[in-house]
Amino acid sequence: MKLLSSTAALLVCLGPLSASARSISFFDSTQAPIQVQKYPVEGDNPLEYCANPAGNILEIKSVDLSPDPPLPGQTLTINASGILNDRVEEGATVALEVKYGLITLIRQTADLCEQIKNVDLECPLEKGEMTLTKQVDLPSHIPPGRYNVHADVYSKDGRRITCLDGHNIEFKAGF
């Protein structure tokens, strides 16, 4: 009861402040909206670069996912192509974060050279053109909902290889 009366007294005291604050318009028509620059990855995919990809070691030409969106219990085929503008050696890292709505499921930093073995590649990755085709059998028990993925990849000397976001990757129930 004491908390309720204290809160009410605080609101009465702040009432005049709130009234004068309402008269200030922060969103008048002369203010330009904030523009967020997006950098989509070419191809049939939900990926975007985290920031302007100019200067990244990996220049991604395209990434195609089939099916897009991925479906639980089905095989996801990934076709990707790009150009490595420098050699990638042991010591490169990937910081990965996967969220289910607002819940973080995975947040880890891993050795890139250990992880790329999962897509049949090995370090060092030589400078030049690259292509990748990989099939991944997705489990049938992926909970329905929207997932967000963030991957930030750096060379052993701290230069950005690439940084990618997959926003609102949706898995639906009933598949």
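View 1. Cys-113 is buried, with a relative accessible area of 2%, where buried means under 20% relative accessible area, exposed means over 50%, and partly exposed lies in between, for a 1.4 Å probe and protein chains only. The model shown here is predicted, so local features need pLDDT of at least 70 and side-chain atom pairs count only at pLDDT 80 or more, while totals for chains, interfaces and linings use all residues. Residues are numbered from 1 along each chain as its sequence is written, and side-chain values use heavy atoms, with hydrogens and water left out. Cys-113 forms a disulfide with Cys-123, the two sulfur atoms lying 1.8 Å apart; a disulfide is taken as a pair of cysteine sulfur atoms within 2.5 Å. The torsion about this S-S bond is -85°, and the link of Cys-113 and Cys-123 is left-handed. The pair links distant parts of the chain, 10 residues apart, with Cys-113 in helix α2 (residues 112-115) and Cys-123 in the loop between α2 and β7 (128-137). Helices (H or I, at least four residues) and strands (E, at least two) are DSSP runs, numbered from the N terminus.

**View 2. The disulfide between Cys-50 and Cys-163.** The structure holds 2 disulfides, and one of them joins Cys-50 to Cys-163, with an S to S distance of 2.2 Å. This pair also links distant parts of the chain, since Cys-50 sits in the loop between β2 (47-49) and β3 (58-66), whereas Cys-163 belongs to strand β9 (residues 160-171), 113 residues apart. Because the torsion about the S-S bond of Cys-50 and Cys-163 is about -80°, the disulfide is left-handed. Cys-50 is partly exposed, at a relative accessible area of 28%, but Cys-163 is buried, at 3% relative accessibility. When bonded cysteines are counted along the chain, the disulfides of the protein follow the pattern 1-4, 2-3.

**View 3. The open sheet and the pairing of β8 with β9.** An open sheet of 6 strands has the order β1-β2-β9-β8-β5-β6, with antiparallel pairing, and two strands are said to pair if DSSP finds at least two bridges between them. The edge strands are β1 (39-40) and β6 (103-111), each of which pairs on one side only. Within this sheet, strand β8 (residues 145-154) and β9 run antiparallel and are joined by 9 bridges; Gly-145 has Phe-171 in β9 as its bridge partner.

**View 4. Strand β4 between β3 and β7.** Strand β4 (residues 75-84) runs antiparallel to β3, and 8 bridges join the two, with Thr-77 in β4 as the bridge partner of Ser-66. Strand β4 is also joined to β7 by 10 bridges, again antiparallel, and here Leu-84 has Gly-128 in β7 as its bridge partner.

View 5. Lys-134 lies in strand β7 and, at 18% relative accessibility, counts as buried. The side chain of Lys-134 makes a polar contact with the side chain of Asp-120 at 3.5 Å, and also reaches the backbone oxygen of Asn-118 at 3.3 Å. A polar contact is a pair of N or O atoms within 3.5 Å; within protein, one must be able to donate a hydrogen and the other to accept it, and residues adjacent in sequence count only if both atoms are side-chain atoms. Leaving aside neighbours within four places in sequence, Lys-134 is in contact, meaning heavy atoms within 4.5 Å, with Leu-76, Thr-77, Ile-78, Asn-118, Val-119 and Asp-120.
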